[in-house]
Amino acid sequence: MPNDAPRFSYPVKRKDPTRPPEEYAQALAEEPVCPITLATGDAAWFVTRYEDVRTVLSDRRFSREALFAPGTARAQVVEPDPDSLLNMDPPRHSALRRLANRAFSNKRVEGLRPYIQQVADELLDAMGTMTGPVDLADVYARPLALRVVCRALGVPFEDHPKFGSWSDHFMSLTKYSAAEIVRANDEMRAYFAGLVKQKRAEPGDDLISALVQIHDEEGAPSEAEIIGIGVLLLLAGHDTTVTVLCGGTATLLSEPEQLAMLRADPGLYPGAVEELIRLNGPGGGTSIRIATTDVELGGRVIPAGSAVLASVGTASRDGAVHPDPDRCDIRRPERTQIAFGAGPHFCIGAGLAKAELEISLRALFERFPTLRLAVCPHELRWKDFAALGGWEELPVAWG
C-alpha cells in the first residue's frame, strides 16, 4: 500500500459543477501515479495519464477478482458481488461476456434505433406540453435511457419507479449505510430472480430470455450470474447515459458556435457524441483493481495487494493525447476514447449508448431550437459521492 501521505481523499468535491476537480488535473501534471485515500478510508493509488490508465484497465496484473481477498481495500462500504460481470477476471469473465454481448451487438443496436427515435419523440412531445423550466433529467434523459435498456434486457418498464432508489443505493459511496445498501441489493436480486422465472415461462426477444434459455440447455451461465448481469446492465447502463445526455446538453448550450455547426450539419452528430462523452464521462475513476504483483507504473512501484483507481475522467483530458483538452471541439480529429474503459471490461453498452446520445441530442435540439439552461451553469449540482457522479437535475427552459 502507499507509504507516503495521500495526495487527497477520493472523490474530491467539485468547485465548478461543470468540470472535474482541479486536484485531478494537478495530479496529472505533477504526480500522475499518486497515493490517495478512498471514501471508505482505505488507501489506494490514483492513476491519471492516458497510457497508464489503459495499462491498468488492460493488464491482467490488475485484477477485479482479487477484491475478494481478505482485508482488501474497498471503494464502497459493502462487499462486492462475486456473480457480477464487473467483478470477474478472465477466463470466467470472458465466457460470460460473450453471452452478454448478444444484447449489444451492432446488429441489435441498429435494430433499436427506430425504437430510440420513437421514445425520444414521445418524451419530447410530452415535454412540449409543459411550461418550463423543467428538469431535463426527469422528463427526458432518465425515462429515455430506462425505456431503452429495459427493452434490450426484457425488463418491464412499468416497474421503473423501483429502479431509481436501487440505483441511488447501488452507486453510493458514502450516502447510505452498509445495511441500507445490502437491503437494496437484496431487493434488486429478488426482483431479477422473479424475472428469470417469468422469462422461463414466457420467453421474449431479449437478453434475459436468451440467457435463461442457454442456462436451461447448457447449464451455464448460472442463475446467479444471469441476475448479476441484469442488475449491472439495468442500473449502470441507464445511469451513465443520463449523466452524459445531461452533461452533453449543458456543454452544447454553453458552446453556441459548436451547437450552430451541428444544426447546420447534423452529419456531425456522431463525432460530437464522441467529444461530449470525452468531456462528460461519468465520475472521475473506474471500479478499483488490485495489483496481483509489484508493478512499475508512471515512475512508481505499485506493491502487490494495492488498490488502484484508474481515473478515466482525468485521462480523457490528458493533453498529451487530446490537445487543448478542456475545449469542446465536435470536429476534433483524434478519437482516442477512454471514457468507456479498455481491455476486458470495456463498456458492453458503448454502441447502444452512442446511438442513444446521437438520436436523443439531435431530437432535443431540433424539437426545441430555443432551449436554454434555466440556471447559471455554476448553480448546477453534481453528485460528488456517487460512484459514477451524475447531475442532481438539469433545469432547462425554452421559448
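Helices H4 and H13 and their surroundings

Val109, Leu112, Arg113, Ile116, Gln117, Ala120, Asp121, Leu124, Asp125, Met127 and Gly128 of H4 are met by Gly351, Leu352, Ala355, Glu356, Glu358, Ile359, Ala363, Leu364 and Arg367 of H13, where contact means heavy atoms within 4.5 Å. By class, this contact of H4 with H13 comprises eleven nonpolar, three polar and six charged residues. Ala, Val, Leu, Ile, Met, Phe, Trp, Tyr, Cys and Pro are counted as nonpolar, Asp, Glu, Lys and Arg as charged, and the others, Gly among them, as polar.

The model is predicted: local features need pLDDT of at least 70 and side-chain atom pairs count only at pLDDT 80 or more, while totals for chains, interfaces and linings use all residues. Residues are numbered from 1 along each chain as its sequence is written, and side-chain values use heavy atoms, with hydrogens and water left out.

H4 spans residues 106–128 and H13 residues 350–367; the two pack at an angle of about 35°, with their axes 9 Å apart. The axes are lines fitted to C-alpha atoms, for helices over the stretch in contact, and the angles run from 0 to 180 degrees between N-to-C directions. Helices (H or I, at least four residues) and strands (E, at least two) are DSSP runs, numbered from the N terminus. The crossing of H4 and H13 is right-handed, meaning that the near helix is turned clockwise from the far one by less than a right angle.

Met127 belongs to helix H4 and is buried, with a relative accessible area of 0%. Buried stands for under 20% relative accessible area, exposed for over 50%, and partly exposed for values in between (1.4 Å probe, protein chains only). Apart from its neighbours within four places in sequence, Met127 is in contact with Val134, Leu136, Val139, Leu364, Phe368, Leu371, Val396 and Trp398. The C-alpha atoms of Met127 and Gly390, 263 residues apart along the chain, are separated by 22 Å.

In soluble globular proteins, nonpolar side chains tend to be buried together.

Asp52 lies in helix H2 (residues 50–58) and is buried, with a relative accessible area of 8%. Leaving out neighbours within four places in sequence, its contacts are Val33, Val47, Leu297 and Gly298. Asp52 and Val33 are 19 residues apart along the chain, and their C-alpha atoms are separated by 8.5 Å.Helix H1 (residues 22–30) has Tyr24, Ala27 and Leu28 as its buried residues. Seen down the axis of H1, these fall within an arc of 100°, so they line one face of the helix; the arc is that of the directions from the helix axis to the C-beta atoms. The face of H1 turned away from the buried side carries the exposed residues Ala29 and Glu30. The cover over the buried residues of H1 includes strand E1 (33–37), strand E2 (43–47) and helix H12 (312–315).

In helix H6 (residues 161–171), the buried residues are Phe163, Trp166, Ser167, His169 and Met171. Helix H5 (136–153), helix H7 (178–201) and H9 are included in what covers them. Asp186 is found in H7 and, at 46% relative accessibility, counts as partly exposed. Its C-alpha atom is separated by 9.9 Å from that of Trp166, 20 residues apart along the chain.

Some backbone details remain. Most residues other than glycine have a negative phi, and most peptide bonds are trans. The peptide bond from Tyr10 to Pro11 is cis, with omega near 0°, and Pro11 is found in the segment before H1. The bond from Pro90 to Pro91 is also cis, with omega near 10°; Pro91 sits in the loop between strand E3 (62–63) and helix H3 (92–100). Asp324, a residue other than glycine, has a positive phi near 50°. Asp324 is placed in the loop between H12 and H13 and counts as partly exposed at 46% relative accessibility.
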